[in-house]
Amino acid sequence: QLIDHVPLPWFEQVLVDSRNYSTQILDKWVGPKDAPLIKAILLGDKSDLDVETKRVFMNTGAMHMLAVSGMHIGLIVVLLIWIFKRLFFYRGRVVAMICMIVLLWFYAFLTGFSASVVRAVAMFTVLIVAQLLKRGYQPINSLSVAGFFILLVDPLAIFDVGFQLSFLAMLGIFTVYPLLENVLQFKNYILDQAWQGTAIGLASQVFTVPISIYYFNQFPNYFLLTNFAVMLFSGIMLGLAIGLLAIGKLALLSIPVGWFLALCCSMLVGFIAFVEYLPGALAVGFSPHWSWVIL
């Protein structure tokens with residue numbers, strides 16, 4: 001028996017309507033088999049993802065792809081810059097940057113304001129404002145600002161595993177990546193990009209490995225191999241998914257985009273499952289003391 005009904009506040013209603021629209025479009029054009037993976041990558045919604053897929057991603061070190069993170073926000077920023085440069089014909093810089101900030105925070109709102117998304121959006125907001133004010137940009141400072149405001153709103157977030165891994169990964173990238181960036185240099189563009197991605201992966205692992213082993217008692221030995229697949233597919237799938245939401249009402253365009261998106265899902269899952277079955281893919285049985293983790 002329905003006892004009472006309280007209408008949602010307008011901003012919560014917008015969130016619900018936006019997520020419902022996104023879910024309906026993805027289910028319709030991508031299909032029920034692959035849509036849950038796209039929803040996890042785009043919206044951070046893993047509720048429809050089957051246990052087997054979650055296990056494969058966790059055992060190969062690709063679980064971060066299923067949690068909307070700084071990587072996703074970075075790809076969206078690159079996409080927005082590409083669009084606004086053509087939309088404003090390199091003019092209206094202030095308007096373009098304000099629009100980017102608004103869209104980034106709406107995306108954070110759409111994904112439920114998880115710690116990793118708020119951290120990334122706050123950092124990019126500081127970067128954009130610094131450019132508007134023609135001021136210098138210090139990554140460590142912006143990371144600290146993002147962490148401060150997240151903990152100001154929710155002090156207990158510091159105990160959240162996602163919060164810890166997210167901030168430690170970025171700390172590793174800001175401090176260790178500059179040291180690794182020029183260790184190897186390739187004249188070939190593809191090889192150079194592959195090394196840059198590998199260096200970022202290594203830098204982020206420096207600070208996250210102890211925490212990851214402490215909480216999950218396992219370590220994916222082939223995380224670098226998995227990282228290549230994530231680098232290759234994440235940008236393509238995220239761009240296609242956002243594009244599909246934009247053209248979701250146009251069947252003529254949505255059908256081929258949805259088909260290609262489903263194909264990318266199958267290829268990604270297939271490759272990650274292949275990595276999981278390689279000999280020695282997962283090291284298990286770790287139970288370190290917290291003092292070892294800090295050391």
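# Reading the helices, rings and cysteines

Q: Why is Cys265 called buried?
A: In this predicted model, Cys265 has a relative accessible area of 0%. A residue is called buried under 20%, so Cys265, at 0%, is buried.

Q: What makes Cys264 count as buried?
A: The relative accessibility of Cys264 is 4%, and because the cut-off for a buried residue is under 20%, Cys264 falls on the buried side.

Q: How many disulfides does the structure hold, and how do you know that Cys264 is in no disulfide?
A: The structure holds zero disulfides. For Cys264, the nearest cysteine sulfur is that of Cys265, and it is 7.2 Å away. A disulfide requires two cysteine sulfur atoms within 2.5 Å, and the sulfur of Cys265, at 7.2 Å from the closest cysteine sulfur, in Cys264, is therefore too far for a bond.

Q: How many aromatic pairs are there, and why is the pair of Phe163 and Phe167 called tilted?
A: The structure holds seven aromatic pairs. In the one formed by Phe163 and Phe167, the ring centres are 4.4 Å apart and the planes stand at 35°. Centres within 6.5 Å make a pair, while planes under 30 degrees apart would be stacked and planes over 60 would be edge-to-face, so an angle of 35° leaves this pair in the tilted class.

Q: Why is the pair of Phe219 and Phe223 called edge-to-face?
A: The rings of Phe219 and Phe223 have centres 5.7 Å apart, with their planes at 65°. Since edge-to-face applies to planes over 60 degrees apart, the angle of 65° places this pair in that class. Phe219 and Phe223 are both buried.

Q: Why is Ser166 called buried, and what does Ser166 touch?
A: Ser166, which is found in helix α8, has a relative accessible area of 8%, and because this is under 20%, Ser166 is buried. Not counting residues up to four places away in sequence, Ser166 touches Ser116 and Arg119.

Q: What makes the approach between the side chains of Ser166 and Arg119 a polar contact?
A: The side chains of Ser166 and Arg119 are joined at 2.5 Å. A polar contact calls for N or O atoms within 3.5 Å, so a distance of 2.5 Å meets that limit.

Q: Why does Thr208 count as buried, and which residues is Thr208 in contact with?
A: Thr208 lies in helix α10, residues 189-216, and its relative accessibility of 9% is under 20%, so Thr208 counts as buried. Leaving aside neighbours within four places in sequence, Thr208 is in contact with Leu165, Leu168 and Ala169.

Q: How do you know that the buried residues of α1 line one face of the helix?
A: The buried residues in α1 are Leu15, Ser18, Ser22, Ile25, Leu26, Trp29 and Val30. Seen down the axis of α1, these buried residues fall within an arc of 105°, so they line one face. On the other side of α1, Trp10, Gln24 and Lys28 are exposed, and what covers the buried residues includes α2, α5, α11 and α12.

Q: How does the reach of α1 compare with the expected span?
A: Helix α1, residues 10-30, has 21 residues and reaches 30 Å from its first C-alpha to its last, close to the 30 Å expected at 1.5 Å a residue. Gly31, whose phi is positive, near 105°, follows α1.

Q: What caps the N-terminal end of α3, and which residues of α3 are buried?
A: Asp50 caps the N-terminal end of α3, with a side-chain oxygen 3.2 Å from the backbone nitrogen of Glu52. The buried residues of α3 are Thr53, Val56, Phe57 and Asn59, and they pack against α2, β1, α12 and β2.

Notes. Residues numbered from 1 in each chain as written. Predicted model: local features only at pLDDT ≥ 70, side-chain atom pairs only at ≥ 80, totals over all residues. Heavy atoms only, no water. Phe/Tyr/Trp six-rings, centres within 6.5 Å; stacked < 30°, edge-to-face > 60°. Buried < 20%, exposed > 50% of the residue type's maximum accessible area, 1.4 Å probe, protein only. Helix = DSSP H or I, 4+ residues; strand = E, 2+ residues; numbered from the N terminus. Expected span 1.5 Å × (residues − 1). Arc of directions from axis to C-beta. Contact = heavy atoms within 4.5 Å. Polar contact = N/O pair within 3.5 Å; in protein donor to acceptor, adjacent residues only side chain to side chain.
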